[in-house]
Amino acid sequence: MDDVPNHLSRDLVPIPVDRRREFIEALADKARVWVGRAGTVTVSQEDDSVVLSLAPVVDTAAPVWVVATEWIDIQVGTENSSRWELTYSDDHMASVGDLVRGVIEDGATEFRASGRSRVRVSTTRGDLWSRRGRESLWGLIPAPGWQRWGKRHTFTPYAAKGAM
C-alpha cells in the first residue's frame with residue numbers, strides 16, 4: 001500500500017482480484033453496448049491489475065483505460081497525465097460508468113500548456129468531470145489563464161460522423 005495516493009489511503013478497502021475482474025467485466029459489457037461498432041472494448045489482466053481498454057474506430061475520439069488495482073484509475077486520451085483515482089465505493093463505481101459513457105457519447109476536451117494538462121468530460125447525467133495533471137516541474141509554476149492560451153484538443157464522440 002506504499003504507492004497508494006494520499007487522498008485515497010484512508011478510504012481504501014482491500015478488494016480481491018476476482019472482485020476487481022468482476023467489476024471490470026461488468027463495465028466492459030456496458031461499454032460494448034455504448035460503443036457498438038464505433039470502437040473495441042478489451043479486458044486484460046496482469047498480476048493484480050485488471051484493465052479495461054476502449055479504442056475508438058475514428059481517430060478523433062479519445063481512447064479510455066480503466067485500471068482496477070487497489071483503487072480505480074481512469075485515463076482519457078493518450079498524451080496527458082490527467083487521470084482520476086477512485087475507490088470501490090458504490091458512488092465511485094457508478095461514476096466510472098458515467099465517465100466512460102460520457103467519453104463515448106459526448107467526447108472530451110483536453111488542454112495542454114507548460115508542463116500541465118487538463119481533461120474535461122461531461123456525463124449523460126450532466127456532471128462535469130475535470131482533472132488536472134502535471135507533466136513536468138513546469139506544471140508546478142503558476143500560469144494564470146493557461147487553459148485560454150494553451151493548446152485545446154476536442155475529442156469527438158465515438159460515433160462521430162464517419163465512424164460507423
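**Strand pairing and salt bridges in the predicted model**

Val-67 stands opposite Asp-73, a residue of strand S4, in what is a predicted model. The two residues belong to the pairing of strand S3, which covers residues 64–68, with S4, an antiparallel arrangement that extends over five bridges.

Attention now turns to the charged side chains. Side chains of opposite charge can pair when their charged atoms come close. With a cut-off of 4 Å between a side-chain nitrogen of Lys or Arg and a carboxyl oxygen of Asp or Glu, three salt bridges are counted in the model.

In helix H1, which spans residues 17–35, Glu-25 and Arg-21 lie four residues apart and are therefore separated by about one helical turn. These two residues form a salt bridge in which the closest N and O atoms are 3.6 Å apart. Glu-25 is partly exposed, its relative accessible area being 29%, and for Arg-21, likewise partly exposed, the computed value is 29%.

A further salt bridge links the side chains of Arg-32 and Asp-29, with an N to O distance of 3.3 Å. Because Arg-32 and Asp-29 are three residues apart in helix H1, about one helical turn separates them. Arg-32 has a relative accessibility of 37% and counts as partly exposed, while Asp-29 is partly exposed with a relative accessible area of 47%.

The remaining salt bridge to be described brings together the side chains of Glu-105 and Arg-101, for which the N to O distance is 2.8 Å. Both residues are located in helix H2, which runs over residues 90–106, and their spacing of four residues means that they are separated by about one helical turn. Glu-105, at 30% relative accessibility, counts as partly exposed, and Arg-101, at 31% relative accessibility, is also assigned as partly exposed.

Notes. Residues numbered from 1 in each chain as written. Predicted model: local features only at pLDDT ≥ 70, side-chain atom pairs only at ≥ 80, totals over all residues. Heavy atoms only, no water. Buried < 20%, exposed > 50% of the residue type's maximum accessible area, 1.4 Å probe, protein only. Pairing = 2+ DSSP bridges.
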